Amino acid sequence: MKFLLDNWYLVLAALASGGLLVWPLIARGGGPNRVSTAEAVMLINREKAVLIDVSEPAEYAAGHASNARNIPLAGLESGAKGLPTNKSLPVLVICPTGARANRAVSTLRKLGYEKASTVIGGLAAWREAQLPVEKSAA
């Protein structure tokens with residue numbers, strides 16, 4: 001105990017170091033409900049996953065992933081049109097940065113879509129992976 005008290009700064013440094021190592025797991029959720037852009041493309045091609053963009057209509061019009069359905073986050077709770085009727089299909093949720101998509105996945109899971117996942121990094125990661133992006137009339 002005397003060692004810990006005499007060397008409190010070493011203990012503090014060790015705790016801070018450990019916390020920084022664990023933080024990425026906590027921040028990204030570490031769960032199965034997050035997929036990379038490459039995994040998203042595989043799910044779309046192999047399992048007929050549905051890509052849903054939860055951006056606001058103006059953001060969606062400015063640029064969205066090709067073939068993504070626009071259902072704003074607020075519309076999900078009211079069971080908006082555009083959601084697949086087959087709840088066993090994978091549902092991939094994307095937004096400009098990925099922040100809103102996490103909340104949307106929680107909502108979709110409550111609605112019974114157990115295979116709902118967030119696309120890590122959102123539309124920014126989609127563009128970075130050089131995947132197709134469309135614009136539509138506002």
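Glu59 is partly exposed, with a relative accessible area of 32%, where partly exposed covers the range between buried (under 20% relative accessible area) and exposed (over 50%), computed with a 1.4 Å probe on protein chains only. The partner of Glu59 in a salt bridge is Arg100, and the closest N and O atoms of the two are 2.9 Å apart; a salt bridge here is a side-chain nitrogen of Lys or Arg within 4 Å of a carboxyl oxygen of Asp or Glu. Because Arg100 belongs to helix H6 (residues 99–110) and Glu59 to helix H4 (residues 57–62), the pair ties together parts that are 41 residues apart in sequence. Helices are DSSP runs of H or I with at least four residues, numbered from the N terminus. Arg100 itself counts as buried, at 19% relative accessibility.

This is a predicted model, in which local features need pLDDT of at least 70 and side-chain atom pairs count only at pLDDT 80 or more, while totals for chains, interfaces and linings use all residues. Residues are numbered from 1 along each chain as its sequence is written, and side-chain values use heavy atoms, with hydrogens and water left out.

A search of the whole structure finds three salt bridges. In another of them, Lys2 pairs with Asp6, with the closest N and O atoms 2.7 Å apart; both residues lie in helix H1 (residues 2–6), four residues apart, which is about one turn of the helix. Lys2 is exposed at 59% relative accessibility, whereas Asp6 is partly exposed at 43%.

Glu114 and Arg109 also form a salt bridge, their closest N and O atoms being 4.0 Å apart. Glu114 is exposed, with a relative accessible area of 52%, and Arg109 is partly exposed, at 28%.

Definitions and conventions: Helix = DSSP H or I, 4+ residues; strand = E, 2+ residues; numbered from the N terminus.
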